[in-house]
Amino acid sequence: MLRLPFASVDGLEVAPELAAVARSNFARLHERRTTIYTADATHFDRYRDYDFLYLYSPFPAVVMTQCMARVIESVDERPRTVTILYVNTYCHDQIVATGRVTFEPMGRTPYGNEIKLYRLT
Ligand SMILES: C[S@@+](CC[C@H](N)C(=O)[O-])C[C@H]1O[C@@H](n2cnc3c(N)ncnc32)[C@H](O)[C@@H]1O
């Protein structure tokens, strides 16, 4: 993602020890466009700052539903299209159930994991 001209490429991780590893990795890259937040995605209060979300199989269904509710609140607050790239699409039904997305298949990763792209408005 850092190869693309995004203004920032931030991370959200609930486990402090994993967030620390991510910060350490980005420090080694001397990358200044990245902030790693230690927070629960169901309570994260900065979704309004983002237009793209990359989800690598992060949550069970109940958490995905709550996370999408926060994202939708942010779109209602700051109207825009949020593009979501989701790998291992176990919670596809929860995302579609928001009634706010269109989606398209994006094939599979080299490891065979399904990828879907959603546009949430
Ligand atoms: C499959 S790993 C993905 C790791 C890494 N982001 C990647 O793309 O390779 C999913 C991560 O989501 C984190 N996670 C699980 N529930 C979360 C929540 N409610 N809020 C934030 N992060 C969460 C887990 O701790 C885990 O590190």
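**Group meeting: a walk through the model**

So, the secondary structure of this protein chain comes to three helices and six strands. Helices here are DSSP runs of H or I with at least four residues, strands are E runs of at least two, and both are numbered from the N terminus. Keep in mind that this is a predicted model: local features need pLDDT of at least 70, side-chain atom pairs count only at pLDDT 80 or more, and totals for chains, interfaces and linings use all residues. Residues are numbered from 1 along each chain as its sequence is written.

Reading along the sequence, you get β-α-β-β-α-β-α-β-β. How does the overall size compare with a compact globule? With 121 residues, such a globule would have a radius of gyration near 14 Å, and the chain has 14 Å, which agrees. That radius is over C-alpha atoms, and the globule rule is 2.2 Å times the number of residues to the power 0.38.

Now the domains: domain 1 is 1–39 and domain 2 is 50–120, with bounds from an automatic or database domain assignment. Their C-alpha centres sit 20 Å apart.

Let's look at helix 1, residues 16–28. At 1.5 Å a residue its 13 residues should span 18 Å, and the end C-alpha atoms are 19 Å apart, so that agrees; the expected span is 1.5 Å times one less than the number of residues. After helix 1 comes His30, with a positive phi near 55°.

What does strand 6 pair with? Strand 4 (residues 82–87) runs antiparallel to strand 6, joined by six bridges, and Leu85 has Leu117 as its bridge partner there. Strand 5 (residues 101–108) also pairs antiparallel with strand 6 (residues 114–120), over six bridges, with Thr102 partnered by Arg119. Strands 5 and 6 make a hairpin with five residues between them, and Gly112 in the turn has a positive phi of about 90°.

Last, the ligand. 13 residues surround it, the closest being Val14, Ala15, Ala41, Tyr56 and Pro58; a residue is near if its C-beta atom, placed from the backbone, lies within 6 Å. The shell divides into nine nonpolar, two polar and two charged residues. Each of domain 1 and domain 2 gives at least three residues to that shell.

Key
Pairing = 2+ DSSP bridges. Nonpolar A, V, L, I, M, F, W, Y, C, P; charged D, E, K, R; others polar.
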